[in-house]
Amino acid sequence: MASSLICRETLSRVSSVLNRDVKQYGKKHMFDCNEETCWNSDQGESQWVSLEFPEPVRVSELKVQFQGGFSAKTCRMEGCPRGEDFTVLSHFYPEDNNSLQIFPIQEAPAVDKVKVTFENSADFFGRIIVYSLDILGAKAS
């Protein structure tokens, strides 16, 4: 059974934070299970979130909750083993709403890093707002 792959040892990075205000809009808010907080990107094309896991994993599902009006129209998930180049694992197309959306990832290889790229935004300025993001799967054996 798939479970969350994000743990205390998972390293995360984001493309930008609105006005560089990490205290109010930083990446940690995507993973804090608090409906009141969010990651808010700054403006610009192609925002992204990257995660580096402490050990190899097989991704089976992505869960994401956007702020309606600030969602991505098209997204790409890439992954790679440590020290190698990213390859595309999946493309997905979220709806522009506030609901938690779930995207299955088919037959993903073992990876140490995952990068989710929000290729374009419903917002005119390219901002993305994510209230929660989770990657599900299993440790690779």
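1. A word on terms to start: buried means under 20% relative accessible area, exposed means over 50%, and partly exposed lies in between. Please keep in mind that this is a predicted model.

2. With that in hand, take Arg82: its relative accessibility is 41%, so Arg82 counts as partly exposed. Its salt-bridge partner is Glu52, with the closest N and O atoms 3.1 Å apart. Glu52 sits in strand 4 and Arg82 in the loop between strand 5 and strand 6, so the pair ties together parts that are 30 residues apart in sequence. Glu52, at 25% relative accessibility, is partly exposed too.

3. A second pair worth a look is Lys139 and Glu55, a salt bridge whose closest N and O atoms are 3.5 Å apart. Here strand 9, holding Lys139, is linked with strand 4, holding Glu55, across 84 residues. Lys139 is exposed at 58%, whereas Glu55 is partly exposed at 36%.

4. Asp123 and Arg127 also meet through their side chains in a salt bridge, at 2.8 Å from N to O. Asp123 is buried, with a relative accessible area of 10%, while Arg127 is partly exposed at 23%. Elsewhere, salt bridges with shared partners join Glu52, Arg82 and Asp112 into one network. The count of salt bridges comes to six.

5. Now for the inside. The largest nonpolar core has 29 residues, and Trp39, Phe118 and Val130 are among those with the most contacts inside it. Strand 4 gives the most to this core, with eight residues. Beyond its neighbours within four places in sequence, Val130 is in contact with residues including Met30, Trp39, Val64 and Phe118.

Key:
Residues are numbered from 1 along each chain as its sequence is written. This is a predicted model: local features need pLDDT of at least 70, side-chain atom pairs count only at pLDDT 80 or more; totals for chains, interfaces and linings use all residues. Side-chain values use heavy atoms; hydrogens and water are left out. A nonpolar core is a set of buried Ala, Val, Leu, Ile, Met, Phe, Trp, Tyr and Cys residues joined through side-chain atoms within 4.5 Å. Buried means under 20% relative accessible area, exposed over 50%, partly exposed in between (1.4 Å probe, protein chains only). Helices (H or I, at least four residues) and strands (E, at least two) are DSSP runs, numbered from the N terminus. Contact means heavy atoms within 4.5 Å. A salt bridge is a side-chain nitrogen of Lys or Arg within 4 Å of a carboxyl oxygen of Asp or Glu.
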